[in-house]
Amino acid sequence: MSTAQSLNKRIILGLIVVAAVLTATRFGGFIEEKEQRPPVILISLDTLRADHAGFMGYPRETTPFLDELARESMVFDQAYSTMSWTLIAHMSLFTGLYPEQHKVWTPSSVLPESAETLAERLKGLGYHNMGFHFPGWLDSDYGFGRDFDVYTPHDNLKQAGANIREAMANRPKDKPYFLFIHLFDIHNKPVKRKPSLLYQSPAPYDEMFMEGANDLLEDTVSYELWHMATHGLSPDQHDAVVAQYDGGIRYIDDELRAWANEWRAGGTFDDAVVIITSDHGEGLAQRRKRYAGHGDTFEEGLSVPLLM
C-alpha cells in the first residue's frame, strides 16, 4: 500500500473508487508495477458514518483495526456518497455514475445494459469476481450481480465469513481476484411495534461503550424511535442508542481483523488493493426528532469513511 497520507478533498465515492481500482489494476499497484495484477478487496460497511470511525477523529475505540490499517493507507477526509440510501449509493459505487446517470433509484429500477460496472471492467482484465452481500438492496435484480463469478447473499457477519472462506478456497489460483464484501451488521435491525432494540450486536459489543444500555432501552419501541418523535427519550437513553450503534461498528472491526489475519496467512492480503468505505452514514436523531433517514442529505448522512 501507499505511504500513509490524508487527502483533504471533496470527492464523490463511486468516481474515486472506480478510478483507483482500475488505475491500480492497470499498473499493478499504487507504487510500483508488478508482473501480475493485484487482488482487489472492496469492503462496504453499510451505515458507517465517517465521524464515528477512530481514524476520522472519533474518541471511542470503535475501529482499532481500521485505525491501524489507516496508518498504512490513503485516507480521504471528505469522501461523499451520492445518496443516503443503500441502493442508489452502491450503484454509484459500482458504476462511477451519478444517480441521474445510472437511474437506479426506485425498488423497480434495473441498471441499463449500456452502463458498465466495476465488475465488468475487472472481468475484462482477467479477474475472478466474488461478491457477498446482505439481501435486499444489493440483489442481482438491480444489476449488481452482473459479471460476478460468485454473488452470494448472507444474513449476518458470521455467515458472510463462512461464504467468503469457501469461495476463496475454491477460486482459480491462476487468476487475480476481485472480492466485494457488503456488511449490514451496523445497520439498524427491523423495526418492531413492541419493545425492541434499534441497534443490535452480540455481547459484549451491545454494552461495550455503555454499561446498562440494554436495561435503559428495554421498554423502547424501535418502530417509534425510527419513525416518530424521540422527545420521550431521556438523555441517557439517547446516549445508550448511540453507544449500541457504536458497538456494532466495533463488532465488525474486530471481525475484519480476524479476516485480515486469515488473508495474510494465505499470502494475499498484503499485496492486495484494499478499499474500505461505507454507502452512507446515520442520523442518530442529530437534527431530526427521530432516528430514520440515515442522515438524509446532511453531513452525517453523506460523509463516509474511505481508506485505500
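Trainee: Is the crossing of α6 and α9 left-handed or right-handed?

Mentor: Bear in mind that this is a predicted model. The crossing of α6 and α9 is right-handed. Helix α6 covers residues 157-170 and helix α9 residues 235-265, and the two pack at an angle of about 15° with their axes 11 Å apart. That angle makes α6 roughly parallel to α9, because angles under 35 degrees are counted in that way.

Trainee: Which residues in α6 meet which residues in α9?

Mentor: From α6 come Leu157, Lys158, Ala160, Gly161, Ile164, Arg165 and Met168, and they meet Tyr251, Ile252, Glu255, Trp259, Glu262 and Trp263 in α9. The residues of this contact divide into eight nonpolar, one polar and four charged.

Trainee: How should I read a nonpolar core, and which residues of the largest one touch the most other members?

Mentor: The general idea is that, in soluble globular proteins, nonpolar side chains tend to be buried together. Here the largest nonpolar core has 55 residues, of which Ile41, Leu45, Leu179, Leu183, Leu256, Trp259 and Trp263 touch the most other members. Several elements each supply at least two residues of this core, among them β2 (40-45), β6 (177-183) and α6, while α9 gives the most, with twelve residues. A second, separate core of 29 residues includes Val21, Leu93, Val104 and Phe178.

Trainee: What does tryptophan 263 touch, leaving aside residues up to four places away in sequence?

Mentor: Tryptophan 263 touches Ile41, Ile43, Ile164, Met168, Leu179, Ile181, Thr268 and Phe269. Of these, Ile164 and Met168 are among the α6 residues that meet α9.

Trainee: What is phi of aspartate 147, and what is that of leucine 284?

Mentor: Phi of aspartate 147 is near 70°, a positive value in a residue other than glycine, and this residue sits in the loop between β4 and β5 (150-153). Leucine 284 has a positive phi of about 50° and belongs to the loop between β7 and α10 (299-302).

Trainee: Are these two residues buried or exposed, or in between?

Mentor: Aspartate 147 counts as partly exposed, at 28% relative accessibility, whereas leucine 284 is buried, with a relative accessible area of 5%.

Methods
Residues are numbered from 1 along each chain as its sequence is written. This is a predicted model: local features need pLDDT of at least 70, side-chain atom pairs count only at pLDDT 80 or more; totals for chains, interfaces and linings use all residues. Side-chain values use heavy atoms; hydrogens and water are left out. Axes are lines fitted to C-alpha atoms, for helices over the stretch in contact, and angles run from 0 to 180 degrees between N-to-C directions. Helices (H or I, at least four residues) and strands (E, at least two) are DSSP runs, numbered from the N terminus. Angles under 35 degrees count as roughly parallel, over 145 as roughly antiparallel, 65 to 115 as roughly perpendicular and the rest as oblique. A crossing is left-handed if the near helix is turned anticlockwise from the far one by less than a right angle, and right-handed if clockwise. Contact means heavy atoms within 4.5 Å. Ala, Val, Leu, Ile, Met, Phe, Trp, Tyr, Cys and Pro count as nonpolar, Asp, Glu, Lys and Arg as charged, and the others, Gly among them, as polar. A nonpolar core is a set of buried Ala, Val, Leu, Ile, Met, Phe, Trp, Tyr and Cys residues joined through side-chain atoms within 4.5 Å. Buried means under 20% relative accessible area, exposed over 50%, partly exposed in between (1.4 Å probe, protein chains only).
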